[in-house]
Amino acid sequence: MATADSPASVEFITQMDSYIQSSEIFKKVLVEALNSALQETLTPLYAEIKSLKSEVSSLRSELSEVKAKANDNEQYSRRNNIRIFGLGEENNENCYDVVLRLCDELNLDVKRNELDRVHRVGRASNMTHSSSNPVHPRPMIIKLTGHQSKLKFMKAKKQLRRNVSIKEDLTRENYELLKYVKTNSLKDVAVYTIDGVIMARAPGHDKPCRIYKKEDLATFKLHKTTPAADD
């Protein structure tokens with residue numbers, strides 16, 4: 001009987017090794033077997049990955065809807081708010097009196113009981129009596145008791161003295177959208193807000209477009225065109 005290290009056994013092993021290395025049929029069978037094994041292992045994983053991707057996409061969509069709804073609710077809670085910029089600031093001032101003096105200047109028929117809450121926004125500076133009326137006074141936020149009271153202020157914006165402005169009280173998200181629209185709109189497009197909604201009106205058009213997201217600017221063909229690169 002031939003042993004494993006006998007000349008006959010060594011020759012047989014050598015011949016088989018040579019056959020395996022040179023046999024295309026054997027290689028094909030081996031590759032197919034490996035592919036089949038991999039396919040059986042990977043197919044369930046592919047299905048699981050596809051399912052997870054679909055779930056993530058659905059969750060992202062739901063999250064976007066929740067964020068949009070939360071932003072709408074927050075903006076609605078500010079529907080009777082305005083912000084006034086540029087009003088001189090003094091030590092120990094009474095913010096209600098400051099606003100009522102502005103109303104007198106603008107001949108606005110606004111009573112004290114129409115001002116629900118009035119206060120400055122931001123950190124107070126360490127002013128002294130000699131440093132009253134700083135160059136950059138803090139904005140003032142006013143919560144009015146009704147929408148009609150708010151409209152009185154909004155209609156009087158054109159009468160304001162220089163460096164004083166009245167704007168709607170926007171959520172952070174809407175404020176960032178407003179800045180984007182103003183920066184990226186075509187020339188001469190009028191951009192403003194009505195009850196927290198960003199509006200954009202092209203020259204010669206009576207009806208404005210409502211902008212709810214950045215993509216709307218391009219949808220309404222109001223976005224600046226990107227200059228073509230020089231050849």
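**A strand and its surroundings**

Author: Strand β6, which covers residues 197-201, is mostly covered, since four of its five residues are buried (buried means under 20% relative accessible area, exposed over 50% and partly exposed in between, with a 1.4 Å probe and protein chains only). Strands here are DSSP runs of E with at least two residues, and helices are runs of H or I with at least four, numbered from the N terminus. The model is a predicted one, in which local features need pLDDT of at least 70 and side-chain atom pairs count only at pLDDT 80 or more, while totals for chains, interfaces and linings use all residues. Residues are numbered from 1 along each chain as its sequence is written, and side-chain values use heavy atoms, with hydrogens and water left out.

On one hand, β6 is joined by five bridges to strand β5 (residues 190-194), and the two run antiparallel; strands pair if DSSP finds at least two bridges between them. Within this pairing isoleucine 194 stands opposite valine 197 of β6. The two strands form a hairpin with two residues between them, and aspartate 195, in the turn, has a positive phi of about 50°. On the other hand, three bridges join β6 to strand β7 (residues 209-211), again in antiparallel fashion, and here alanine 200 has cysteine 209 of β7 as its bridge partner.

If neighbours within four places in sequence are set aside, aspartate 216 is in contact with Arg210 and Ile211, contact meaning heavy atoms within 4.5 Å. Valine 181 is 35 residues away from aspartate 216 in sequence, yet the two C-alpha atoms are 9.5 Å apart in space.

Helix α4 (residues 147-155) contributes Ser149, Lys150, Phe153 and Met154 to the buried residues. Seen down the axis of α4, these fall within an arc of 140°, so they line one face of the helix, the arc being that of the directions from the helix axis to the C-beta atoms. Gln148 and Lys155, on the other side of α4, are exposed. The cover over the buried residues of α4 includes β1 (81-85), α3 (95-105), β2 (115-120), β3 (140-144) and β4 (165-168).

Charged pairs also connect parts of the chain, and the structure holds 12 salt bridges, each a side-chain nitrogen of Lys or Arg within 4 Å of a carboxyl oxygen of Asp or Glu. In one of them, aspartate 169 pairs with arginine 83, and their closest N and O atoms are 2.6 Å apart. Because aspartate 169 lies in the loop between β4 and α5 (172-184) and arginine 83 in strand β1, this pair ties together parts that are 86 residues apart in sequence. Aspartate 169 is buried at 2% relative accessibility, whereas arginine 83 is partly exposed at 21%. Another salt bridge brings together the side chains of glutamate 105 and arginine 161 (2.4 Å, N to O). That pair links distant parts of the chain, with glutamate 105 in helix α3 and arginine 161 in the loop between α4 and β4, 56 residues apart.
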